[in-house]
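Dear colleague,

Please find below the structure that I am handing over to you. My notes on what was found in it follow directly after.

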Amino acid sequence: MRCPYCGGLEDKVLESRTMINGESIRRRRECIACGYRFTSYERIDEKPFMIVKRDGRRQPFDRAKLEKGIGRALEKRPVSTSMIDQIITDIEDEAIKTAKESREISTSALGELVLAKLYTVDKVAYIRFASVYKHFENLDEFISEVKKVEKQQKKETKDTGKKQEN
């Protein structure tokens, strides 16, 4: 480590501490040449998780954007803020697992993860998100999606009823 005072390249570490979040290490150092004491920080330099847009552009994953979209879909719905945070964390974790080594996921794959999670949490939020994500062109497409959800919900209710009878 180069000394910020004299430029010397030899130093000794006096103290090392892991920072509270566990993502970095703080080291107190002393330059052997001049005795100047300074602090350095060591952290992992991770390759950022990227989103591949429909036109091929790549941009870093932005949790705030995900929060905004899901927050909009769940606005005025009976879902707690802690549940919303958990939904977002689950989607982010699933996206990273899906991306694996490439550390990239397409917007369409991410959108499908969001839709699947919202479907299990709140059907109205699912429809709200789907209406923006799927770019419905007219009322018929919107009604068709609502009918699909309604049909699936009836099937799930029927299946649950059969399980309870057994």
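Predicted model: local features only at pLDDT ≥ 70, side-chain atom pairs only at ≥ 80, totals over all residues.

In which helix is Val 114 found? Val 114 belongs to helix H3, which comprises residues 107–121.

**Overall architecture**

The protein chain contains five helices and six strands. Their order along the sequence is β-β-β-β-β-α-α-β-α-α-α. With a radius of gyration of 25 Å, well over the 15 Å that the globule rule gives for 166 residues, the protein chain is more spread out than a compact globule. The C-alpha trace spans about 80 × 45 × 30 Å along its principal axes.

Of the 166 residues in the protein chain, 27% count as buried. The accessible surface amounts to about 11900 Å², and carbon and sulfur atoms account for 50% of that surface. Where contacts link residues at least 6 apart in sequence, 39% of them join residues at least 24 apart.

Strand E1 (residues 11–18) and strand E2 (residues 24–31) run antiparallel and are joined by seven bridges. Within this pairing, Val 13 has Arg 29 of E2 as its bridge partner, and Glu 15 stands opposite Arg 28 in E2. The two strands form a hairpin with five residues between them. In that hairpin, Gly 22 adopts a positive phi near 75°.

E2 also pairs with strand E3 (residues 37–43), again in the antiparallel sense and over seven bridges. Here Arg 26 has Tyr 41 of E3 as its bridge partner, while Arg 27 stands opposite Ser 40 in E3. E2 and E3 likewise form a hairpin with five residues between them, and Gly 35 in its turn has a positive phi of about 85°. As a general point, side chains in a regular strand alternate between the two faces of the sheet.

**Two residues examined in their surroundings**

To return to Val 114: is this residue buried or exposed? Val 114 is buried, because its relative accessible area is 1%, and buried means under 20%. Apart from neighbours within four places in sequence, Val 114 is in contact with Leu 66, Ile 70, Ile 91 and Phe 129. Between Val 114 and Glu 75, which are 39 residues apart in sequence, the C-alpha to C-alpha distance is 15 Å.

The second residue is Gln 59, which lies in strand E5 (residues 58–60). Gln 59 has a relative accessible area of 21% and is therefore partly exposed, given that the buried class is limited to values under 20%. Once neighbours within four places in sequence are set aside, the contacts of Gln 59 are Phe 49, Met 50, Ile 51, Lys 53 and Lys 65. The C-alpha atom of Gln 59 is separated by 9.5 Å from that of Glu 104, a residue 45 places away along the chain.

**Positive phi outside glycine**

Lys 76 has a phi near 60°, a positive value in a residue other than glycine. Lys 76 sits in the loop between helix H1 (63–73) and helix H2 (81–99). With a relative accessible area of 80%, Lys 76 is exposed.

Arg 103 also has a positive phi, near 55°, and is likewise a residue other than glycine. Arg 103 is found in the loop between H2 and strand E6 (104–106).

Yours sincerely

Note on methods:
Residues numbered from 1 in each chain as written. Heavy atoms only, no water. Helix = DSSP H or I, 4+ residues; strand = E, 2+ residues; numbered from the N terminus. Rg over C-alpha atoms; globule rule 2.2 N^0.38 Å. Buried < 20%, exposed > 50% of the residue type's maximum accessible area, 1.4 Å probe, protein only. Contact = heavy atoms within 4.5 Å. Areas by Shrake-Rupley, 256 points an atom, 1.4 Å probe, with all protein chains shown as cover. Pairing = 2+ DSSP bridges.
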